[in-house]
Amino acid sequence: MSRKKDTRQRAILDQLAVSPTMRVGRLAETLDVTTETIRRDLEELAAQGMIARTYGGAMLRQPAEPALSERHLELVEERAAIGQAALSYLAEARVIMLGSGATTTQLAKFIAIEMHGLTVIAHSVSVASALSLNPTIQVVMAPGVYHPDEGAMHGAQAVRFLSDYSADWSVTGASAMSPLGPSDALIDAADVYATMLRQSARHMVVADHSKFDRMATARYADWGEIDVLVTDARPQGPLRRALVAGEVEVKLAKV
């Protein structure tokens with residue numbers, strides 16, 4: 001790669017870091033090159049896995065997620081606030097499907113403290129452990145192939161199992177959130193989340209602001225399928241417009 005092209009592509013990544021979703025024309029104007037040059041650069045960056053192409057532009061890809069044990073140590077206050085804010089929506093629920101992740105584990109801790117006499121269908125060991133502190137909560141664990149980094153059951157067995165149940169609410173996290181919808185870094189996790197969504201009357205996504213305007217490997221829903229997003233900052237730009245178009249209620253947690 002020429003030094004000029006390398007400098008330009010680094011500048012594109014820098015621009016996307018500041019404005020995570022940008023159109024080709026805007027990038028061309030900012031970097032003072034032709035749109036054809038920008039399109040070639042975007043194709044090369046996409047082939048390297050650095051960005052995801054969108055219609056007429058590009059978006060940064062979400063970096064590979066660390067193991068769940070590491071994520072439990074990150075953004076702890078934000079995730080706890082999101083879990084607490086999500087709790088109010090579940091007050092009347094008798095059956096909840098709960099996905100895996102650091103934020104859903106925080107929510108499970110609040111469920112164990114505040115709620116009684118319900119059934120939670122889970123596939124995450126950390127979620128089940130948090131709920132086990134409340135003997136009035138029945139935890140139903142999905143079988144499947146254990147993913148050690150995520151501490152959760154995935155695969156065809158988990159999907160078939162979940163398909164036999166129905167719930168008042170399902171709640172999942174997300175590795176990334178773009179205008180197209182929430183997505184996960186793990187394809188198998190996305191399959192589980194999509195099944196939970198299909199089997200539930202209402203669906204909530206709980207995720208912090210670091211997931212905004214990013215794309216991960218597997219999208220598991222579009223925003224029109226999501227009832228509520230609970231997060232710690234107000235989405236802006238294309239993501240905000242997509243949430244409005246999808247009629248998603250956005251609940252801001254108080255951190």
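## Exercises on a predicted model

S170 is buried, with a relative accessible area of 0%. Keep in mind as you work that this is a predicted model.

**Exercise 1.** Find the element that holds S170 and list the residues that S170 touches.

*Solution.* Start with the element: S170 sits in strand β9, residues 167-172. Next, check the burial: the cut-off for buried is under 20% relative accessible area, and S170 comes in at 0%. Finally, look for its neighbours. Leaving aside residues up to four places away in sequence, S170 touches M97, M196, L197, S200, R202, H203 and M204.

**Exercise 2.** Work out how the buried residues of α3 are arranged around the helix axis.

*Solution.* First, get to know the helix. α3 covers residues 35-47, so count 13 residues, and its span from first C-alpha to last is 18 Å, close to the 18 Å expected at 1.5 Å a residue. Now pick out the buried residues: T37, I38, D41, L42 and L45. Look down the axis of α3 and you'll see these buried residues fall within an arc of 135°, so they line one face of the helix. Then turn to the other side, where R40 and A47 are exposed.

**Exercise 3.** Describe how α5 and α6 cross, and say which residues make the contact.

*Solution.* Take the axes first. Those of α5 (residues 76-87) and α6 (residues 102-114) come within 8 Å and cross at roughly 50°. The two helices are therefore oblique to each other, and their crossing is right-handed. On the α5 side, the contact residues are V76, R79, A80, I82, G83, Q84, A86 and L87; on the α6 side, they are A102, T103, Q106, L107, F110, I111 and E114.

Now stay with α6. Its 13 residues reach 19 Å from first C-alpha to last, close to the 18 Å expected. This helix is mostly covered, with 10 of its 13 residues buried; among them are A102, T103, F110 and I111.

**Exercise 4.** Find out where D32 and D213 lie, and decide for each whether it is buried or exposed.

*Solution.* D32 has a positive phi, near 60°. You'll find D32 in the loop between α2 (24-31) and α3, and at 70% relative accessibility it counts as exposed.

Then move on to D213, whose phi is also positive, near 55°. D213 belongs to the loop between β12 (200-206) and β13 (218-219). With 12% relative accessibility, D213 counts as buried.

Key. Residues numbered from 1 in each chain as written. Predicted model: local features only at pLDDT ≥ 70, side-chain atom pairs only at ≥ 80, totals over all residues. Heavy atoms only, no water. Helix = DSSP H or I, 4+ residues; strand = E, 2+ residues; numbered from the N terminus. Expected span 1.5 Å × (residues − 1). Buried < 20%, exposed > 50% of the residue type's maximum accessible area, 1.4 Å probe, protein only. Arc of directions from axis to C-beta. Axes fitted to C-alpha atoms, helices over the stretch in contact; angles between N-to-C directions. Parallel < 35°, antiparallel > 145°, perpendicular 65-115°, else oblique. Left-handed = near helix turned anticlockwise from the far one by under 90°. Contact = heavy atoms within 4.5 Å.
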